[in-house]
Amino acid sequence: MDIQYFKDSKHNYLIMKTEVSEENLFQYKMLENNKINGLLPFTLRNMDECYYLYYEIDSRQSLKNRYDRKKMSYEKLMNFFKDLVQTARNLGDYLLDPCHIIISPEGVFEELSSGRFSFIYDPGHEETADEAFMESIMEYADMEDERGAKLIYKLLDSIYDGSGIDFAFLENVIAEEKEEQQVSFIIDEVPSDNFPKRNDLDFDDDEDLDDDDDEKIQEKKIKIKLPISGHFLMAMLFAIVAGILVYLRHAYILTYEESILDIAVFMVSIMMSLTCFLIQLRKNDKAFIRKKKDDNNEDDEDREIEPQITTYKEKEQTPKKTKNNPAPYIRNEAPIPEDDDGEETVLLTMDFGERAHKLYAEEGSELNNIDLGSLPVIVGKLHSCSDVIISDKSVSRMHAKIYKPDKGEDTVWIQDLNSTNGTYINGKRLMPNEEAPLKEDDEVSFGKCVYAFR
């Protein structure tokens, strides 16, 4: 199955070449004009007297990319086969043969937001899903899960005759699995006979526990604090009185006695206002110093006190306490390391191939560097699917994959995973699922997030 990928301004496409004849042309037109749930939407295009199917995959991920590292659980396998049976049923409503569904790890896509699986349908494709597909599914399924392994082996035994998947048999298997799940759920809900009944329980202990809990409950006292302290309010009040006196002196004609009284009260108000203001500043300084001391005390308490071990030899060298020297100074000399005559200085090489690479974020950005010491690495913003999380709107849920094709090979490769805003190398955009090697000082961009490969 020859698959190509293409990206335009709106969609990511999976492209397949097909054989269109007069017998199956109406099937293509029916599929193109009717939206069938479970199938990828597509358009039939004729170029150079050849027909191509353009399937819109957009940001969906194939089974190969999605479960290359994190394997499919039993629940995921059940969802996959349920969607496959439902898609076959939807095709039957349009009198289309479900055996033309192309079931392969590269042709089955999962929508990350909903977890629904979508399939490729080609009326010109005559091959049916055989044991090779089930064996390939085993590579992406969690075979350590006993239920998942049992389900795969059961379906694998049913298609060894080469007739392909029997959708009726698959539907019966799914129904049986549902019944087993319901029975196991009911068994889990039934209490054990060894579980003590309520009449056998000692309620006196419960009452004691309730009393202890009541004693531990304390009322929270809310300390109401004014946003402005009392001294500051007094300072403002005296300042207002001084302002009123100035206004009276300029607005009215005062007698000699009234003028003397006005000046005296004005001076007292100014002095009181300044005094209250200085007291408030002093209180703030004391509070700041007290808080700083408390923080230092907390740091001192957090430090571990290391015991001082004094050897017998140090005790002999310790000066005795005398009348003239009440607190003798003890000098602890550091041990002198012995010379290592056998070691030689090693010359460091500048071979970049022997060290782990990194993607260094652009200067001035808030992005973190990406360590490539352990490959493969999936870059994206969905925590359940990605190894490196980039919280940026321009980055897709699963954006790109960085890997080495062979363990012994030092070349690092990058693959775009149907990202919406694209993966760029030195300004050149990769096509969906396109792979490319990375070189020293290459500029790698995930959407608008720029990195340097070194």
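A residue is called buried when its relative accessible area is under 20%, exposed when it is over 50%, and partly exposed in between (1.4 Å probe, protein chains only). Val 265, at 33% relative accessibility, therefore counts as partly exposed. The model here is predicted, so to speak of local features a pLDDT of at least 70 is needed, side-chain atom pairs count only at pLDDT 80 or more, and totals for chains, interfaces and linings use all residues. Residues are numbered from 1 along each chain as its sequence is written, and side-chain values use heavy atoms, with hydrogens and water left out.

On to the overall picture. The protein chain has ten helices and 20 strands; these are DSSP runs (helices H or I, at least four residues; strands E, at least two), numbered from the N terminus. Of its 454 residues, 32% are buried. The accessible surface comes to about 32200 Å², and carbon and sulfur atoms hold 51% of that; such areas come from the Shrake-Rupley method with a 1.4 Å probe, and for residues only the protein chains shown count as cover. Contacts (heavy atoms within 4.5 Å) also say something about the fold: among those with a separation of 6 or more, 56% join residues 24 or more positions apart.

Back to Val 265, which sits in helix α9. Together with Met 234, Leu 237, Val 241 and Leu 261, Val 265 forms a nonpolar patch on the surface, with about 400 Å² of accessible area in total. Patches are made of residues with over 30% relative accessible area and no salt bridge, where like charges are joined within 9 Å and nonpolar side chains (Val, Leu, Ile, Met, Phe, Trp, Tyr) within 5 Å. Both α8 (230-251) and α9 (256-302) supply at least two residues each, but α8 gives the most, with three.

Charge gathers on the surface too. Lys 381, Lys 393, Arg 397 and Lys 448 make up a patch of positive charge. Lys 393 is found in the loop between β13 (388-389) and β14 (400-403), and with 81% relative accessibility Lys 393 counts as exposed.

Side chains of opposite charge can pair when their charged atoms come close. A search of the whole structure turns up eleven salt bridges, each one a side-chain nitrogen of Lys or Arg within 4 Å of a carboxyl oxygen of Asp or Glu. In one of them, Glu 110 pairs with Lys 76, with the closest N and O atoms 2.8 Å apart. Glu 110 lies in strand β7 (residues 109-110) and Lys 76 in helix α3, so this pair ties together parts that are 34 residues apart in sequence. Glu 110 is buried, at a relative accessible area of 2%, and a network of salt bridges links Glu 110, Lys 76 and Arg 66. Elsewhere, Asp 410 and Lys 404 meet in a salt bridge (3.9 Å, N to O).

Finally, a look at Pro 98, in the loop between α3 (74-93) and β6 (101-102). Pro 98 is buried, with a relative accessible area of 18%. Leaving aside residues up to four places away in sequence, Pro 98 touches Ala 88, Leu 91, Tyr 121 and Phe 167.

Key
Lys, Arg positive; Asp, Glu negative; His and termini not counted. Charge placed at Lys NZ, Arg CZ, Asp CG, Glu CD.
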